[in-house]
Amino acid sequence: MQITTAAEASARDADAIAAGIDSWALMHAAGTAAAEFIRMITASVGATEISVWAGSGNNGGDAYVVAAHLMTHTTFRVKLTATGEPKSPDAKRARDLYLEAKKTAPPFPDVIATTEEVHFVFVDGLLGTGQHGALRAPEREITELFNQHRRAGWTVLALDLPTGVNATTGDVAAHALRADYTLAFGTMKRAHLLKRDQCGEVIVFDIGLGEFAEKEDGAWTLADAAMLHSRVPAITWDAHKGTRGKLAIVGGAEGMAGAVVLASQAALRSGAGLVYAHVNQASVLPLQISVSQAIASAFDTDRISAQLDGMHAVVIGPGFGRTRESEKSLNALLKTLITDYPKLPVAIDADALTLIGSDANRLALLAEGREVVCTPHVREFERLIGKPVADTLEDRIEQARELVAQTGCTILLKGTPTVVLAPGVPSAIVIPRGTPVLATGGSGDMLSGMIGTLLAQGASAADAAAIAAWVHGRAAEIATETAGSVRGVTLHEVMCAMPDAWRELSVQPSVPHKWPVQLASLPRVWSDSES
């Protein structure tokens, strides 16, 4: 599934129409799919009234189809309010379909009752992907009304995008609609990803674009279970600890054993066969007590080759420290890797990235002929590129592309969402999983251990980064859902949820066989103010 700008989404529609797919068929499919979902939601929330609002553009055309289908196929009372005359031939045809359905529909009062006994479902079909800038007075008044009703507990759904949200940039106009659900058509738009709090739960429906739903035009790629399932390295029935991957983790300066503890635990929960933790002497005992499966030893610059011998991958950085001694150890380790282990996959995180700083040449030397993943957070990324991090995700992705080109490393940009850029992979891979539970110290150490395990099991750098980020985020979602809150959930609960997340990724995705077909979805985001 690709994540498109407004222009990219329009180009896909245009290509499909130029190839002979009827534009009216696309609109009819979009409205029908949305209506089926709305019918289900209306029943689940116990609503008795559905209020559909249609603008004058094609988004309004979708709304007319929704109203017509609901009038024909439900017992709910449906009322449509139009804000203007339909402009396009398809929107006019949709209005005619609605008017025909209205002839046989039960009578509906002109004034909607607002008693406490009535639960309304509001459907926003005012403005679609072409909306930008400030809302005009008529739309603003309607969205303010929708938002008031939503705060009162009624359900609000948006067709393709909430009115007032820019499809490409995610910019939110004053008084923009905040939806419980956004029903997208054909493709996921960038705003669905960038403004998930505004969009609510996002569901992308198949409307018949077929092969034209994707183009090689720079659109981002959504990493979901369907995409990643086949890329997870297999653990065969006759596997043993050696074939499941031997991973070395180097870090754990004095007082920072916890970082390697988390990385080791996550590695083992991701299927590593053997974890060798090389840490400061003072961290050996805490590590052995905390992770009995890990083989702990003091990191020795005179014995680096021996400590790396037989490994399938190495993680460098969790709790590594930023002292002069740490820098000397890192220099010796990188030199040994470049000279003696030119093929050994490497994941670099945390303090190791800080010590490397903006030395792109050193990363390029390390990445020559091997898989390397760097996992910077915003400040670490800023040091790597030697300039301020861009404000927008699009510009940050371009900065990461430049770093990938300079170094040959795969770059995982931590954040909301997480993004992976890799050599030879033209599209940015976006992983929109996780909750604020992961916004805490040690979360990145967990991720590094997971990436290291997948590298040790033979995954490419891009796949290791994307798979680990997905499972990491999904485990956080499961832990948050179980607790029912963001507060009070620690990385321990996330760690305990990892088997469930891995199980979801291991299940063969089912082929949709009934209408409407959901191509992709994004869950509602968790926050302290609104769950």
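**Ground rules**

I number residues from 1 along each chain as its sequence is written. Since I have a predicted model here, local features need pLDDT of at least 70 and side-chain atom pairs count only at pLDDT 80 or more, while totals for chains, interfaces and linings use all residues; side-chain values use heavy atoms, with hydrogens and water left out.

**Entry: α17 and α18**

I started with helix α17 (residues 443-456) and helix α18 (residues 461-483). Helices here are DSSP runs (H or I, at least four residues), strands are E runs of at least two, and both are numbered from the N terminus. Two packed helices are described by the angle between their axes and the distance between the axes. For α17 and α18, the axes come within 8 Å and cross at roughly 135 degrees. I take axes as lines fitted to C-alpha atoms, for helices over the stretch in contact, with angles from 0 to 180 degrees between N-to-C directions.

The pair is therefore oblique. The scale I used: under 35 degrees is roughly parallel, over 145 roughly antiparallel, 65 to 115 roughly perpendicular, and the rest oblique. The crossing of α17 and α18 is right-handed, that is, the near helix is turned clockwise from the far one by less than a right angle, with anticlockwise being left-handed.

Next I listed who touches whom, with contact meaning heavy atoms within 4.5 Å. From α17 the contact takes in Ser443, Met446, Leu447, Met450, Ile451, Leu454 and Leu455. From α18 I noted Ala461, Ala464, Ala465, Ile467, Ala468, Ala469, Val471 and His472. How do these residues divide by type? I get 13 nonpolar, two polar and no charged. For that sorting, Ala, Val, Leu, Ile, Met, Phe, Trp, Tyr, Cys and Pro count as nonpolar, Asp, Glu, Lys and Arg as charged, and the others, Gly among them, as polar.

**Entry: α9 against α17**

I moved on to α9, whose axis lies 7 Å from that of α17, at an angle of about 40 degrees. That angle makes α9 oblique to α17. Their crossing is right-handed. On the α9 side I found Ala259, Leu262, Ala263, Ala266 and Ala267, meeting Asp445, Met446, Gly449, Met450 and Thr453 of α17. This contact divides into seven nonpolar, two polar and one charged.

**Entry: α9 against α19**

What angle do α9 (residues 257-269) and α19 make? They cross at roughly 20 degrees, with axes that come within 10 Å. So I filed α9 and α19 as roughly parallel. This crossing is right-handed. Leu262, Gln265, Ala266 and Arg269 of α9 meet Leu491, Met495, Cys496, Met498, Pro499 and Trp502 of α19. I sorted these into eight nonpolar, one polar and one charged.

**Entry: Met495**

Leaving out residues up to four places away in sequence, Met495 touches Leu262, Gln265, Ala266, Arg269 and Met446.

**Entry: His229**

I found histidine 229 in the loop between α8 (225-228) and β10 (246-250). This histidine is buried, at 17% relative accessible area. Its side chain reaches two backbone oxygens, that of leucine 505 at 3.0 Å and that of valine 507 at 3.3 Å. I call these polar contacts (N or O atoms within 3.5 Å; within protein, one able to donate a hydrogen and the other to accept it, and residues adjacent in sequence counting only if both atoms are side-chain atoms).

**Entry: Asp351**

Which side chain does aspartate 351 pair with? I found a polar contact with the side chain of arginine 322, at 3.0 Å. The Asp351 side chain also reaches the backbone nitrogen of phenylalanine 320 at 3.3 Å. Aspartate 351 lies in helix α13 (residues 350-356) and is buried, at 7% relative accessibility.

Notes:
Buried means under 20% relative accessible area, exposed over 50%, partly exposed in between (1.4 Å probe, protein chains only).
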